[in-house]
Amino acid sequence: MHKIQAAITAVHGYAPEYVLTNHELESLVDTNDEWITSRTGIKERRILKGEGTATSDLAVPAVEGLLKKRGITAEEIDLIIFCTTTPDMPFPATANILADKIGAKNAWGYDLQAACSGFVFGLATGASFIESGKHTKVLVVGGDKMSSIIDYTDRATCIIFGDGCGCALLEPTTEGLGIMDSVLKSDGAGREFLHMKAGGSLRPASYETIDKREHFAYQEGKTVFKFAVTNMADVAAEIMERNNLVADDIAWLVPHQANKRIIDATANRMGISDEKVVINIERYGNTTNGTIPLCLWEWESKFKKGDNIVLAAFGGGFTWGSMLIKWAY
């Protein structure tokens with residue numbers, strides 16, 4: 001008899017309709033399609049338009065699709081972990097706003113902020129609640145309306161980010177499947193290279209912070225790239241070593257979609273061939289917490305029960321991590 005483990009039993013996603021192409025960005029900043037594509041792998045990204053729309057509005061259709069697919073109601077969910085860098089508001093938690101919007105009357109919830117590593121951190125956290133025996137249906141949501149904190153006069157960031165959301169349902173299993181292991185790391189010394197300067201308790205909103213355009217994401221691209229290439233590849237290799245796996249044992253690598261060159265470096269370090277790497281960065285860009293669950297949703301039909309799948313992520317702060325999953329369905 002295997003111990004209780006947390007298995008992903010359903011995934012779903014949502015991307016808004018509006019497509020922001022590289023060619024459209026050429027009219028906003030000094031860039032071009034070839035430059036963006038060669039350096040990032042991104043061709044287009046989705047943007048949530050409309051007055052009064054927020055990150056929770058990306059999550060509602062994603063979660064509703066998941067519930068329908070799994071054949072359950074929102075009232076059956078025990079816990080919602082909402083991984084986001086762009087909450088609807090500082091408080092209450094977007095998890096609670098989402099619960100109200102979908103009718104998850106029996107769920108408690110909270111937001112988890114770990115930048116682009118958030119969804120991996122959220123899965124690891126949700127798995128602990130399942131393994132404890134206290135919860136049977138944990139909803140982990142990863143989504144961001146990055147367009148709300150992007151300065152479309154800043155070439156360093158506006159070419160990278162987009163809006164999107166994905167989600168996964170965790171349930172208990174004793175089949176020896178599900179979330180097998182994780183390696184999670186963070187280093188606050190990296191905060192100066194990727195952050196939002198104002199809007200928190202350190203620099204509350206003021207005329208000065210607005211005039212200085214400090215309520216947007218700031219990134220020192222070369223430094224972040226250097227750290228991400230090394231650390232994301234390191235933790236992906238570490239999860240394989242810890243579980244005595246070689247490249248042939250891995251069915252799929254699902255990496256955070258920040259930059260095609262970072263993805264390639266991670267796959268190379270693992271010895272994984274290109275056909276095993278899940279990529280959709282060319283269509284969505286970096287949706288921060290949304291990248292990995294959107295990939296799981298789009299590739300779901302290709303996964304087979306028992307497949308070894310490695311997730312790997314790197315985010316601002318710095319945060320990074322990897323996870324080994326044995327696909328459960």
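**Note on the predicted model: active-site residues, cores and pockets**

1. Asn286 sits in the loop between α10 and α11 (291-299). Helices (H or I, at least four residues) and strands (E, at least two) are DSSP runs, numbered from the N terminus. At 3% relative accessibility, Asn286 counts as buried. Buried means under 20% relative accessible area, exposed over 50%, and partly exposed in between (1.4 Å probe, protein chains only). Leaving aside neighbours within four places in sequence, Asn286 is in contact with residues including Ile42, Cys116, Met146, Ile160, His256 and Thr291. Contact means heavy atoms within 4.5 Å.

2. On the basis of the model: it is predicted, local features need pLDDT of at least 70, side-chain atom pairs count only at pLDDT 80 or more, and totals for chains, interfaces and linings use all residues. Residues are numbered from 1 along each chain as its sequence is written, and side-chain values use heavy atoms, with hydrogens and water left out.

3. Which residues does the UniProt annotation "active site" cover? The unreviewed entry gives Cys116, His256 and Asn286. They span 171 residues in sequence, yet no two of their C-alpha atoms are more than 8.7 Å apart, so they gather at one spot. Of these residues, the lining of the largest pocket includes Cys116. UniProt positions are given in the numbering used here, feature names are shortened, and annotations may be inferred rather than shown by experiment.

4. His256 lies in the loop between β11 (252-255) and α9. His256 is buried, with a relative accessible area of 2%. Not counting residues up to four places away in sequence, His256 touches Cys116 and Asn286, among others. Its partners also include Met232, Ile263, Ala312 and Phe314.

5. Ile281 lies in helix α10 (residues 281-284). Ile281 counts as buried, at 1% relative accessibility. Ile281 and Arg45 are 236 residues apart along the chain, but 8.4 Å separates their C-alpha atoms. Beyond four places in sequence, Ile281 touches residues including Thr40, Ile42, Glu44, Gln257 and Lys260.

6. The largest nonpolar core has 42 residues. Such a core is a set of buried Ala, Val, Leu, Ile, Met, Phe, Trp, Tyr and Cys residues joined through side-chain atoms within 4.5 Å. Leu253, Met270, Ile272, Val277, Val310 and Phe314 have the most contacts inside it. Two or more residues come from each of α8 (221-242), α9 (260-270), β12 (308-315) and β13 (319-326). The largest share, seven residues, is from α8. Apart from this core lies another, of 34 residues, among them Ala124, Leu170, Val254 and Cys295.

7. The largest pocket has a volume of about 1,100 Å³. Of its 35 lining residues, Thr85, Pro87, Gln113, Ile149 and Met196 are the closest to its centre. The lining divides into 15 nonpolar, 14 polar and six charged residues. Ala, Val, Leu, Ile, Met, Phe, Trp, Tyr, Cys and Pro count as nonpolar, Asp, Glu, Lys and Arg as charged, and the others, Gly among them, as polar. A pocket (1 Å grid over the protein atoms alone, 1.4 Å probe) is an open set of points with protein on both sides within 12 Å along at least five of seven lines; lining residues have an atom within 4 Å of a point. Grid points are joined across faces, edges and corners, and a volume is the space filled by probe spheres set on the points.

8. The second largest pocket holds about 550 Å³ of space. Ile160, Gln219, Gly221, Phe225 and Asn259 lie nearest its centre, out of 26 lining residues. α8 gives the most to this lining, with six residues.
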